[in-house]
Amino acid sequence: MARQSSSYAILCASFNQDNSGFAISTKDGFKIFDSNTGRLCYERAVGAFIIVEMLYSSSLLAIVGAGEQPSLSPRRLCLFNTTTGAPLREMTFLTSILAVRLNRKRLVVVLQEKTYIYDSNSLAILDTVDTVPNLKGLCAFSPSLDGCFLALPASTIKGSVLVYNVMELQSHCEIDAHRSPLAAITLSSNGTYIATASEQGTIIRVHLVSEATQSYSFRRGTYPSTIFSLSFAPSLQLPDILAAMSSSGSVHIFSLGFATNQSRCQRSSSFLGSILPDSVNDALDPADHHVLHTAVSAGVRSYAVVRKVDKIPDSSSSEFSSCRAVVSLITYNGYFQEYTFSINNKNESSWSLDREFNLLTFISDSAKSS
């Protein structure tokens with residue numbers, strides 16, 4: 001997540017492809033943290049950056065300056081080596097870079113009306129995708145090489161998504177997800193599912209990418225709210241949960257992998273469910289919805305990811321008795337929070353705050369000992 005208002009202390013925040021690390025930037029420079037320990041792994045105070053993207057836990061970063069000094073142009077992408085402290089390659093574009101995504105085979109650079117696909121190793125350009133004006137730089141990327149998809153807005157007047165196969169270099173499908181323009185999109189790590197929210201922020205929809213069909217529709221709330229981020233739990237099959245961070249300051253968890261989903265299928269196949277329009281069906285949906293209210297102050301831009309999920313089997317059956325998820329939050333006013341979310345087979349849930357620290361005043365262990 002980048003391109004945020006300068007009123008925030010943090011200019012951008014991003015987790016790496018497996019959520020084992022995260023990066024933040026401020027007006028002074030950027031920092032890299034280990035998600036599991038909270039340890040500050042690397043910092044560089046050389047000016048403001050609007051994009052800092054990691055390649056897993058390697059020494060490679062993709063960084064883009066905020067333009068506050070000539071050497072840090074928002075039109076220049078630098079591939080940077082944290083081990084040597086030197087740039088490996090720089091690429092300059094005609095307009096500002098709005099987003100960057102990468103894995104071990106592909107590098108994606110998103111501009112306002114064009115998206116460029118490169119080979120990560122040779123940096124040879126492979127394809128150029130013309131897009132509708134994408135002022136926010138909205139995009140989603142699944143880093144798996146087996147299901148490596150890129151999702152981009154396909155309309156400025158409704159919530160349509162273009163899904164592009166980055167390995168095969170061809171358009172895969174277009175999904176009409178919402179009546180209003182998109183505000184947030186995410187892909188599951190293996191590219192199986194895509195979740196979207198519109199500018200209204202009341203409905204979260206999940207589609208199966210392979211068939212471009214809707215699998216779930218969740219109601220976040222009745223009143224409009226800005227969805228700052230969406231995050232699937234890591235999974236090789238069906239993601240167990242989906243997390244949404246809203247401008248109300250609440251974290252919303254939607255259950256995807258539990259038996260309660262059967263009631264949704266039964267309702268949609270019933271006589272009443274078959275004749276009601278989608279908007280009414282969404283309102284009736286029980287939604288398997290769990291909320292941590294006011295995790296952060298309302299209106300503060302925040303970014304939430306589901307880092308891991310543990311399912312506890314029921315000894316008396318083949319089902320699971322409970323599920324525990326680790327949900328990490330970065331707030332753009334400078335804090336990291338980590339919660340454990342638990343849910344049992346009775347759909348009862350609880351939250352506990354495990355860690356919280358200030359990202360802006362954090363001092364590395366080496367600095368403390370010097």
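Strand β18, residues 193–198, is mostly covered, with 6 of its 6 residues buried. The strand belongs to a predicted model of a protein whose secondary structure comprises 4 helices and 28 strands. Of the 370 residues of the protein, 56% count as buried.

- Strand β17, residues 182–187, runs antiparallel to β18 and is joined to it by 5 bridges.
- Within this pairing, Thr196 of β18 has Ile185 standing opposite.
- The hairpin of β17 and β18 has 5 residues between the strands, and Gly191 in this hairpin takes a positive phi near 75 degrees.
- Strand β19, residues 203–208, is likewise antiparallel to β18, and 5 bridges join the two.
- The hairpin of β18 and β19 has 4 residues between the strands, with Gly201 at a positive phi near 75 degrees.

**The sheet of β1 to β4**

- Four strands form an open sheet in the order β1-β2-β3-β4, with antiparallel pairing.
- Its edge strands are β1 (12–15) and β4 (40–44), each of which pairs on one side only.
- From one strand to the next, the twist averages 10 degrees.
- Strands β2 (residues 21–25) and β3 (residues 30–34) run antiparallel and are joined by 5 bridges.
- Ile24 stands opposite Lys31 of β3.

**The loop between β1 and β2**

- Asn19 lies in the loop between β1 and β2, and Ser20 is placed in that loop as well.
- Asn19 is not a glycine, yet its phi is positive, near 60 degrees.
- Asn19 counts as buried because its relative accessibility is 14%, under the 20% limit.
- Ser20 also counts as buried, since its relative accessibility is 18%.
- Not counting residues up to four places away in sequence, Ser20 touches Asp34, Ser35, Asn36 and Ser57.
- With Ser57, the side chain of Ser20 makes a polar contact of 3.2 Å.

**The loop between β15 and β16**

- Leu169 lies in the loop between β15 (159–165) and β16 (170–178).
- Leu169 has a positive phi of about 60 degrees although it is not a glycine.
- Leu169 is classed as partly exposed because its relative accessible area is 29%, a value between the limits of 20% and 50%.

**The protein overall**

- The accessible surface comes to about 16,100 Å², and carbon and sulfur atoms account for 50% of it.
- Among contacts between residues at least 6 apart in sequence, 43% join residues at least 24 apart.

**Confidence of the prediction**

- The average pLDDT of the protein is 89, and 85% of the residues score at least 70.
- Over residues 259–281 the pLDDT stays under 50, and the model has 22 contacts beyond four places in sequence for this stretch.
- Residues 366–370 also stay under 50 in pLDDT, and the model has 1 contact beyond four places in sequence for them.

Key: Residues numbered from 1 in each chain as written. Predicted model: local features only at pLDDT ≥ 70, side-chain atom pairs only at ≥ 80, totals over all residues. Heavy atoms only, no water. Pairing = 2+ DSSP bridges. Axes fitted to C-alpha atoms, helices over the stretch in contact; angles between N-to-C directions. Buried < 20%, exposed > 50% of the residue type's maximum accessible area, 1.4 Å probe, protein only. Polar contact = N/O pair within 3.5 Å; in protein donor to acceptor, adjacent residues only side chain to side chain. Contact = heavy atoms within 4.5 Å. Areas by Shrake-Rupley, 256 points an atom, 1.4 Å probe, with all protein chains shown as cover. pLDDT = per-residue confidence, 0-100.
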